[in-house]
Amino acid sequence: MTNQVMNVEILRYNPETDKEPYLKTYQVPYDNQTSLLDALGYIKDRLEPELSYRWSCRMAICGSCGMMVNNIPKLACKTFLRDYSGHMRIEALANFPIERDLVVDLSHFIESLEAIKPYIIGNKMPELDGQPHESAELQKSRTKQTPKQLEKYRQFSMCINCGLCYAACPQFGLNPEFIGPAALTMAHRYNLDNRDNGKAERMPIINGDNGVWTCTFVGACSEVCPKHVNPAAAINQGKLESAKDFLISMLKPKA
Amino acid sequence: MINTNPKRSNEPPVWLLFSAGGMVSGLAFPVLILILGILLPLGIISPDGIIAFAHHWFGKLVILVLTIFPAWAGLHRIHHGMHDIKVHVPAGGLIFYGLAALYTVVAIWGVASI
Amino acid sequence: MSELTTKRNKYVREITPTWWKSWDFYRFYMVREATAIPTVWFCLVLLYGVFSLADNTFTTDFVGFMQNPIVMILNIISLAAMLLHAFTLFTMTGEVMSNSTGLKAEVIKKALQIAFAVVSVIGLILAFI
């Protein structure tokens, strides 16, 4: 295997010493199996011990290693040096404040996820009392869902919370208050789940100006999603729901 | 912190109009531009059929649909486009949807005068 | 006791009005949205047509206007723009309507493309009658 060398230019930033971020280039040897995550590990081990970045599973399921590679949001563990000819520019995930090097502040993302109540609300089955019972008795508390019911929301449930969609979304870039693709997709995922009865609790955020209506269907979110969740579809289906909700609220008599 | 009970957005009505208009312009404008913009001025088709169509009540209805809805769709997109290129238009909503409303009134009056 | 202050100093990157130039995907989005301008142009052309029908100057003034070379060029550009708008719209509509109708997004897109073809053929037939 030829041992080629890649110029990996990384946007560095040390909050204690730097006024603003600056680019620094590192030479990284690679073969046809080297991932960007491997390259960062090489840089940290051999060239720059102070380089800071998040990572964990190295197999595109934990969502930790999101960053910009030549202006496109990618997971470092799923990005391979063999696909780039000679030069890669790595920056922290776009549209989020930089804490240090490739580490960003994801608080707005986390808060948005929490705000849309990402859990089953109002599961109508009889409560379990924690005591052992006959299997037939316990089964009454189990909410049933057919494969067809699951299929309605399954794609939207595959989100690994990596934040690439927020980095890709220009409307989030232009409006940092936007609830964002992943959160709105998750809200839609729960609204579509037959076991859930909490749609009314999620609608206010969905219906707000920072909810689905900030989206203009650019579609970049779906384009970069490593799990093919298709958040663009979820959000725009959400617009349909929100519009229906608007019309229904107009027809209801004022309380 | 995120406001968990924000004010309801006013977007739905204009979005619904935009959706209708986008569909009308998407399905009908290409053939319409072909007919009125190329075939008619080049004399390949005669204006008589179009004139007769416009004098019939059904034709007038069709003309209203073909003009009003796409106008709302186009102006809605331009309004959002201003935000995309960071051009701040003061009272943008009022201006763009006001223009659409004006166009609607003028179109109705125009068609009624045929 | 020494006071603990944070060493955090978050750097916020500005979004410029030319953010869309950085990626072809964004450029295409801007072109798609820009089809709104030819849409409004043709709506105004139609309005002029309506006025000319109302005062019986359709065959003279309106046709004459449409024969103007600049107008013809604008209309041809508009035709291309509306085709782009139509085909992107059909894809997007497929995505939006797939869950509520139970149909696959691809099926809805194809159905709209067929509807487009039908409308175009009917339009042409009516124009030639």
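Colleague: Which strands of chain A does helix α1 (residues 36-47) lie across, and at what angle does α1 of chain A run to β2(A)?

Modeller: Please keep in mind that this is a predicted model. Helix α1 of chain A lies across β1 (4-12), β2, β3 and β5 of chain A, and its direction makes an angle of about 105° with β2(A).

Colleague: What is the order of the strands in the open sheet of chain A?

Modeller: The open sheet has five strands in the order β2-β1-β5-β3-β4 (chain A), and their pairing is mixed. Neighbouring strands of this sheet are turned by 35° against each other on average, if direction is ignored.

Colleague: Why are β2 (22-30) and β4 (72-75) of chain A said to stand at the edges?

Modeller: Each of these two strands, β2 and β4 of chain A, has a single partner strand, so one side of each is left without a neighbour in the sheet.

Colleague: What makes strands β3 (residues 66-69) and β5 (residues 87-92) of chain A a pair?

Modeller: Two strands pair if there are at least two bridges between them, and three bridges join β3 to β5 of chain A, which run antiparallel. The two strands therefore meet the cut-off and count as paired. Within this arrangement, A:Met68 stands opposite A:Glu91 in β5(A).

Colleague: Why is A:Gln171 called buried?

Modeller: Buried means under 20% relative accessible area, and A:Gln171 has a relative accessible area of 2%, so A:Gln171 is buried. This residue lies in helix α6 (residues 170-174) of chain A, and among the residues that A:Gln171 touches are A:Phe178 in its own chain, B:His83 and B:Asp84 in chain B, and C:Tyr29 in chain C.

Colleague: What classes of residue line the largest pocket?

Modeller: The lining has 24 nonpolar, five polar and no charged residues. The largest pocket has a volume of about 760 Å³, and of its 29 lining residues B:Leu32, B:Phe53, B:Val62, B:Leu66 and C:Leu126 lie nearest its centre. α1(B) gives the most to this lining, with seven residues.

Colleague: What makes a space a cavity, and how many cavities of 30 Å³ or more does the structure hold?

Modeller: A cavity is a space where a 1.4 Å probe fits but cannot get out, and the structure holds four cavities of 30 Å³ or more. The largest cavity has about 120 Å³ of space, and among the residues nearest its centre are A:Cys159, A:Cys162 and A:Cys165. Its lining divides into eleven nonpolar, two polar and one charged residue. The second largest cavity has a volume of about 90 Å³, and its lining has eleven nonpolar, four polar and no charged residues. α10(A) gives the most to the lining of this second largest cavity, with three residues.

Technical notes:
Residues are numbered from 1 along each chain as its sequence is written. Chains are lettered from A and ligands numbered from 1 in the order in which they are written. This is a predicted model: local features need pLDDT of at least 70, side-chain atom pairs count only at pLDDT 80 or more; totals for chains, interfaces and linings use all residues. Side-chain values use heavy atoms; hydrogens and water are left out. Helices (H or I, at least four residues) and strands (E, at least two) are DSSP runs, numbered from the N terminus. Buried means under 20% relative accessible area, exposed over 50%, partly exposed in between (1.4 Å probe, protein chains only). Contact means heavy atoms within 4.5 Å. On a 1 Å grid over the protein atoms alone, a cavity is a set of points where a 1.4 Å probe fits but cannot get out, and a pocket is an open set with protein on both sides within 12 Å along at least five of seven lines; lining residues have an atom within 4 Å of a point. Grid points are joined across faces, edges and corners, and a volume is the space filled by probe spheres set on the points. Ala, Val, Leu, Ile, Met, Phe, Trp, Tyr, Cys and Pro count as nonpolar, Asp, Glu, Lys and Arg as charged, and the others, Gly among them, as polar. Axes are lines fitted to C-alpha atoms, for helices over the stretch in contact, and angles run from 0 to 180 degrees between N-to-C directions. Lists of a residue's contacts leave out its neighbours within four places in sequence.
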